[in-house]
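I opened a new model today.

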Amino acid sequence: MAQRRAAVRRFAAQKLSNRAIAERLGISKDTVRRDLEAPEVSLRELVAERAAQTDTAVSQACAAAQSAADMRPAYVITDEATARRWHSDLRAAAGQLTALADQFADYYLFARSAMDGAEC
């Protein structure tokens, strides 16, 4: 929401009408009006909101990984198509999570050494 409000304010500063802003952002004119009337959010609040959203996403990813591990999918009897799909899905998710962890460690150098043996 904060990102949309910032976009609305940017377009309003360019002297676009509420209708033009609504069309560009795919929202209603009433939403544009409310966004313009809403108090401006500080950068600190935006950063805090983004950090909270990221914390939730990371917690959910860890919980999902633990739930999948608890199910021990390699030992569940299933058909070949499902087994292939599970294998592919797990590999893809593992690759994405590994890439995210590596990006994090590249930015926060202290995380590189802490990653060895780390768990969610």
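**Fold.** I counted secondary structure elements in this predicted model. The protein chain has six helices and zero strands. I then checked the spread. The radius of gyration is 22 Å, well over the 14 Å that the globule rule gives for 120 residues, so the chain is more spread out than a compact globule. The C-alpha atoms fill a box of roughly 60 × 40 × 20 Å along the principal axes.

**Burial and contacts.** I looked up burial next. Buried residues are 12% of the 120 in the chain. The accessible surface is about 9700 Å², and carbon and sulfur atoms hold 56% of it. Of contacts between residues at least 6 apart in sequence, 35% join residues at least 24 apart.

**Charges.** How many salt bridges does a search of the whole structure find? I got five.

**Arg4, Arg5, Asp35.** I found these three linked in a network of salt bridges. Arginine 4 meets aspartate 35 at 2.7 Å, N to O. Arginine 4 lies in helix α1 (residues 2–13) and aspartate 35 in helix α3 (residues 29–37), so this pair ties together parts 31 residues apart in sequence. Arginine 5 bridges to aspartate 35 at 3.1 Å. Is aspartate 35 buried or exposed? I noted it as buried, at 1% relative accessible area. Arginine 4 is partly exposed at 29%, and arginine 5 is partly exposed at 21%.

**Glu80, Arg84.** I also checked a pair within helix α5 (residues 80–107). Glutamate 80 and arginine 84 form a salt bridge at 2.6 Å, N to O. They sit four residues apart, about one helical turn. Glutamate 80 is exposed at 53%, and arginine 84 is exposed at 57%.

How values were computed
Residues are numbered from 1 along each chain as its sequence is written. This is a predicted model: local features need pLDDT of at least 70, side-chain atom pairs count only at pLDDT 80 or more; totals for chains, interfaces and linings use all residues. Side-chain values use heavy atoms; hydrogens and water are left out. Helices (H or I, at least four residues) and strands (E, at least two) are DSSP runs, numbered from the N terminus. The radius of gyration is taken over C-alpha atoms; the globule rule is 2.2 Å times the number of residues to the power 0.38. Buried means under 20% relative accessible area, exposed over 50%, partly exposed in between (1.4 Å probe, protein chains only). Contact means heavy atoms within 4.5 Å. Accessible areas come from the Shrake-Rupley method with a 1.4 Å probe; for residues, only the protein chains shown count as cover. A salt bridge is a side-chain nitrogen of Lys or Arg within 4 Å of a carboxyl oxygen of Asp or Glu.
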